[in-house]
Amino acid sequence: MNYDLIVAGASLGGYDALALLLGALPENFHLPLAVVQHRSVDSDELLSTLLRRACRLPIVEVEDKQPILPGTVFIAPANYHLLVEKDHFALSVDERVQFSRPSIDVLFESAADAYRDKVVAILLSGSNEDGAQGIARVKARGGLTIVQDPASAESARMPAAAIAGAEVDHVLPLAEIAQFLNDLVHSSEDYLWHGRSRQMH
Amino acid sequence: MSKPSTEMNRDGGDLDLEDIEIQLLLEGVYLHYGYDFREYAPASLKRRIGDLMRDEKVASISQLQDLILHDPACFERFIVALTVNVTSMFRDPNFYLAFRTKVVPLLKTYPFVRIWHAGCSTGEEVYSTAIVLTEEGIYDRCRIYATDLNEAVLKRAREGIYSLDYMQNYVSNYVKAGGRAAFSEYYAADNDSAIYRSSLRRNVVFSQHNLVTDRSFNEFNVILCRNVLIYFNQTLQSRVHQLLYESLGKFGVLGLGHKETISYTPYEKNYEVLEEGEKLYRRVA
């Protein structure tokens, strides 16, 4: 199990979920995370400022062609779609997708195309159906899909739509998603360690 | 690994079949029609091609290629799908506020001002600039060159007719951008549509220009190129930045979109930031 990128999406009720999730990540978390949180056109940097208080990792509002760096949380800027290329982000001002710009589908689908089975996609609380197609694409490309348990979500519609649309790998309450990500880091640390010790022999 | 083997090419390489089909399509379009999309940013390009496939009701990019190469009308729709950028009046009002307070004072020191709106799309931001220049009393000595590669959007920009609903939504943008009059003074309303006063268009030249393949055509005091370069890959971005750089006079001003930056381009050192937080740069070398 070896991943290169985590993508996460949230809408209504998603801010608290995001803050909790990101807040549970340790300082040495080494994967890049890209996040779409639905918000108003002119909300500007407020979301990043708030998340910075909750999270130990650096929080960055993406600029066009910004390199994808480990251990960093990249936030989709207001009024732009966030897309993933092979080693950097790109932005677009194309029409809204699922009434949203940034759209979770756009982030997830481009991540699935660029990173294939090296992507972990996490869909949190929300009141529309953005993200369902993205989850399906990540799944089809061999990536790992995690959806917040609708029963534990402030708004169940978005996670429920994703679960209905694809064979999601894990449906978990929020606290367990955070734990899952931490385990992911540790298991890949084990992987690195064993890989290294094998080389030494 | 759960990756299905059909998604890999024979070398286990990086290209899947869709990527190969896109390359072939773009190569064909370039050879047959002369439009070069080969260095557009892949992810957004792929989405736009996917949207067109749905509209054209084809199941594969190869089928789309067949239509585009053999049916010029389909090619026109392809150009629209790939090049029309969504924009609005006073998009990012703070940018226009900074333009008014930081750039206009510089422009007032020149006897004549040339402004290039590169990739003006349907023209909303051209009229926004014209309104600022009018309110600041310098429009009469300005000439705005508004260009786009797409003739269809240029036609709409030239007409200056927009949906009245939209215009009413733009009022708050206008106010936040430092507007000094009533926004409705700038257009005449008619049922569902609004048409801008011809005085705003008086010093605007709309013409076709392709940033990818055409050269510079003048030396400018200001170049505005907002949310256009995001659709290009880094190689093409660098080339277009060279074109913009060479088209700016000394101390000329470059304005980019809110989340665009010159940081990842070779021309970073040739500009200084004119207004922190807004993407307004001044050519210093």
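The following questions and answers concern a predicted model and the contact between its chains A and B. Residues are numbered from 1 along each chain as its sequence is written, while chains are lettered from A and ligands numbered from 1 in the order in which they are written. Local features need pLDDT of at least 70, side-chain atom pairs count only at pLDDT 80 or more, and totals for chains, interfaces and linings use all residues.

Reader: Which element gives the largest share of the side of chain A that touches chain B?

Author: Two residues are in contact if their C-beta atoms, placed from the backbone, lie within 7 Å. The contact takes 22 residues from chain A and 19 residues from chain B. Helices (H or I, at least four residues) and strands (E, at least two) are DSSP runs, numbered from the N terminus. On chain A, two or more residues come from each of β5 (81–84), β6 (89–92) and α3 (104–115), and the largest share, four residues, is that of α3(A).

Reader: Where do the buried residues of α3(B) lie around its axis?

Author: In α3 (residues 61–70) of chain B, the buried residues are Ile61(B), Leu64(B), Gln65(B) and Ile68(B). The arc, taken from the directions from the helix axis to the C-beta atoms, is only 105°, so they lie on the same side of α3(B).

Technical notes: A residue is buried if 20 or more other C-beta atoms lie within 10 Å of its own, exposed if 12 or fewer, and partly exposed in between; C-beta atoms are placed from the backbone.
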